Amino acid sequence: MSRISERFQTCREAGRAALIPYITGGDPSPQQTVEIMHGLVAGGADIIEIGVPFSDPMADGPVIQAACLRALQAGTSVQDLFAAVREFRRQDTQTPVVFMGYANTLEAIGYKSYVEQAAAAGVDGLLTVDLPPDEAGELTGIAAEAGVELIYLVAPNTSEQRLEYISKAAGGFIYAVALKGVTGAANLDTDLVAGQVAAIRNASQLPVAVGFGVRDPQGAAAVARVADGVVVGSALVQMIADYGTAPDLAQRLQDAAAALRRGMDAATQSGGNA
C-alpha cells in the first residue's frame, strides 16, 4: 500500500478528513521550504502538496502566481525541491508529499528522469495540471514503475463519462476542483461540493480531496463533512507573502494548519465524514 493510501486509511479509521496544505516550493526561499513542511505537519497536516514554481501557472490565481514569481526570483529549481523532500524525509518518512505543477517542467527534464528523481527523493504523487490522462501515456508507465501515483483534477462541469475515464486512470486520490476558475477565485458553494463528491464516489473507489476556494477553518470544516480530504492553498500562501521575512513564519503556518485541523475535526466528530 502506498503512503498516500495508508494515510487516507488512517484518517478514515480515525473518522476524520485529511488536511492537505499547499505551499509553493521555494517560497519565500528554497532554504525555508523544509522548515515550513515540518511546521505544517506539526500543525496537523496529513499530506503536503508542493507547487513546483512555473512562469505561467494558468490554473492558479494571483496569490499563487505571485508565490511562483517569488520562488523563481529566489532561484528555486526543481532540483532544489527534490533536495528539500530528501531533507524532509530524514525526519519524516510517513507524511505523503505530492508535487503539483505543469507539463513543461517534466518535459524539460524528461519524464523518466523527473519521475525517477522524484521517487528517489521521496515524492509520492504528481498532479500535472495540463497533462490529462489522455496525453499521459508515456508518463503513466514510468510513474507506475517508479511507484509514483498520478493524481488528476475533476472539475464541477466534468461529464459523467469523462469522470469514469479519469477515475480509471487516477491513483492516490481524486482532486475535486470546487469551483470554475483558478485557485482562490471564489467562495465555496458547499451544496455543490457535496453533490460533486457524491458523483465522484459513484465513479471511483479512490478518496476524494476538494480544493480551490477553501480559505479558512469554517470552509475546511464544511468540506470535511463530505470529502475525504481538504486542500488549502491560497490562504496559506498569502501568509507566506505577508510574513515571508518574519523569523516565526513556520510557526505561523503551523498555527494556521492547527486551526484548520481543529475546525475539520470538530465538524467530522459532530456530523461524521459522509
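In this predicted model, the lining of the largest pocket divides into 14 nonpolar, four polar and two charged residues. The pocket itself has a volume of about 270 Å³. Of the 20 residues that line the pocket, V129, L153, V154, A155 and V177 are the closest to its centre. Two elements, β6 (152–154) and α8 (160–169), are the ones that give two or more residues to this lining. The largest share, three residues, comes from β6.

| Helix pair | Angle between axes | Distance between axes |
|---|---|---|
| α3 (residues 62–73) and α11 (residues 234–243) | about 45 degrees | 9 Å |
| α2 (residues 33–43) and α4 (residues 78–91) | about 45 degrees | 9 Å |
| α4 and α6 (residues 111–121) | about 25 degrees | 8 Å |

Helices α3 and α11 pack at an angle of about 45 degrees, and they are therefore oblique to each other. The crossing in which α3 passes α11 is left-handed. On the α3 side, the contact is made by V63, I64, A67 and R70, while α11 contributes S234, V237, Q238, I240 and A241.

For α2 and α4, the angle is about 45 degrees, which makes α2 oblique to α4. Here α2 passes α4 in a right-handed crossing. The residues that make the contact are T33, V34, M37, H38 and V41 of α2, together with A84, E87, F88 and Q91 of α4. Five of the residues in the contact of α2 with α4 are nonpolar, three are polar and one is charged.

Helix α4 also packs with α6, at an angle of about 25 degrees and with the axes 8 Å apart. Angles under 35 degrees count as roughly parallel, so α4 is roughly parallel to α6. From α4, the contact involves V78, Q79, F82, V85, R86 and R89; from α6, the residues are Y114, Q117, A118 and A121. The contact of α4 with α6 comprises six nonpolar, two polar and two charged residues.

Conventions
Residues are numbered from 1 along each chain as its sequence is written. This is a predicted model: local features need pLDDT of at least 70, side-chain atom pairs count only at pLDDT 80 or more; totals for chains, interfaces and linings use all residues. Side-chain values use heavy atoms; hydrogens and water are left out. On a 1 Å grid over the protein atoms alone, a cavity is a set of points where a 1.4 Å probe fits but cannot get out, and a pocket is an open set with protein on both sides within 12 Å along at least five of seven lines; lining residues have an atom within 4 Å of a point. Grid points are joined across faces, edges and corners, and a volume is the space filled by probe spheres set on the points. Helices (H or I, at least four residues) and strands (E, at least two) are DSSP runs, numbered from the N terminus. Ala, Val, Leu, Ile, Met, Phe, Trp, Tyr, Cys and Pro count as nonpolar, Asp, Glu, Lys and Arg as charged, and the others, Gly among them, as polar. Axes are lines fitted to C-alpha atoms, for helices over the stretch in contact, and angles run from 0 to 180 degrees between N-to-C directions. Angles under 35 degrees count as roughly parallel, over 145 as roughly antiparallel, 65 to 115 as roughly perpendicular and the rest as oblique. A crossing is left-handed if the near helix is turned anticlockwise from the far one by less than a right angle, and right-handed if clockwise. Contact means heavy atoms within 4.5 Å.
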